[in-house]
Amino acid sequence: MSDLKFQIGGLFISNGKGRHVTLKIDTTELIFVKSGTLNIRVGEKKYAVSAGQWLIMPRGIEHGGTKDYEKNLSFFFAHFFGGEQELADTVEYGTSSRKEYFTSYFTFLLNEQKTPGGQKTCDLLMKILLNETRRNTMPTGKASVTSNLANEAKRIIDLDFASPLSTSDIAGSLSCNTDYLGRIFRKTFNCTMTEYLNDRRCEEAATLLQYSTSQIKEIAFFCGFNDMPYFRRQFFKHYSVTPLQYRKLHQIKSVNTMNVGIPPRPVDEE
């Protein structure tokens, strides 16, 4: 029988200031990055955890930021006790092949933790999240030059999607031909750069619709959409509902947009 007990979870959205504090805690922590890159040290190991990647930090091991927070950084986190059974076959760091599942499960978890009597459901959702780390990690290996180029293009989009960004801008940053980059990007990720750019903008908009009270027009502009009808079409294409409908369905109430949840208590020093 598993002894996993969920403690607290949240969503951190950076304002571009400060860095992750250095501390030791008495819980295990799962982090899943939605956007940007979290630069963090766990013990002696350093990680650059980017969008779509997760990191498990063991209890009692000192961890802390190695660089200041990026302005576009956002990540989910969840603390739990126990869980040795679920962690037995889990690696500490990886890239998810279906990040939308992580986002959905974490959203359910954050809502459920506010529900009286929701501990059992939270424990179950925590187990599901850990199971995602085991069964949906993308295979690693030596990447080809072309896939590296495609990954660099993806990284640029992940970092700069909110700015006026075109496929020619991305190709120029990588000193390559726009059509050539477009072909290898589609081959690597099964979508065009424009499709991926719109998806990233819609995903960020969805996060802000859930966790902020800003007007929908402000959210669209903040995420890089300068044309509201185009934003609505792209959002509906991605989520099959309008932005307003999405907010009504998914908005989390009483959320601190900087740091959702209560900070875990530190481990007492000897």
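## Strand E5 and its partners

Trp54 has Gly94 as its bridge partner in strand E8. The model that shows this pairing is predicted. E8 covers residues 93-95, and it pairs with E5 in the antiparallel sense over three bridges. Strand E2, residues 28-35, also runs antiparallel to E5, and four bridges join the two. Within that pairing, Phe32 has Trp54 as its bridge partner in E5.

Where does E5 sit, enclosed or open? Five of the five residues of E5, which spans 53-57, are buried, so the strand is largely enclosed by the rest of the structure. In a regular strand, side chains alternate between the two faces of the sheet. Both faces of E5 are covered. Gln53, Leu55 and Met57 are buried on one side. Trp54 and Ile56 are buried on the other.

Helix H2 runs over residues 99-112 and has 14 residues. Its first and last C-alpha atoms are 20 Å apart, close to the 20 Å expected at 1.5 Å a residue. Its buried residues include the aromatics Phe102, Tyr105 and Phe106.

Gln210 belongs to helix H7, residues 193-211. Is Gln210 buried or exposed? Its relative accessibility is 3%, under the 20% limit, so Gln210 counts as buried.

Ala162 lies in the loop between H4 and helix H5, the latter at 167-173. Its relative accessibility is 34%, so Ala162 counts as partly exposed. Which residues does Ala162 touch, leaving aside those up to four places away in sequence? They are Phe222, Cys223 and Gly224. Phe221 is 59 residues from Ala162 along the chain, and their C-alpha atoms are separated by 8.1 Å.

## Confidence

The chain has a mean pLDDT of 83, and 87% of its residues reach 70 or more. Among its elements, strand E7, residues 74-81, has the highest mean, 94. Helix H4, residues 145-160, has the lowest, 80. Over residues 138-143 the pLDDT is below 50, and this stretch has four contacts in the model beyond near neighbours in sequence.

Residues 254-270 also stay under 50. For them the model has 37 contacts beyond four places in sequence.

Key. Residues numbered from 1 in each chain as written. Heavy atoms only, no water. Expected span 1.5 Å × (residues − 1). Buried < 20%, exposed > 50% of the residue type's maximum accessible area, 1.4 Å probe, protein only. pLDDT = per-residue confidence, 0-100. Contact = heavy atoms within 4.5 Å. Pairing = 2+ DSSP bridges.
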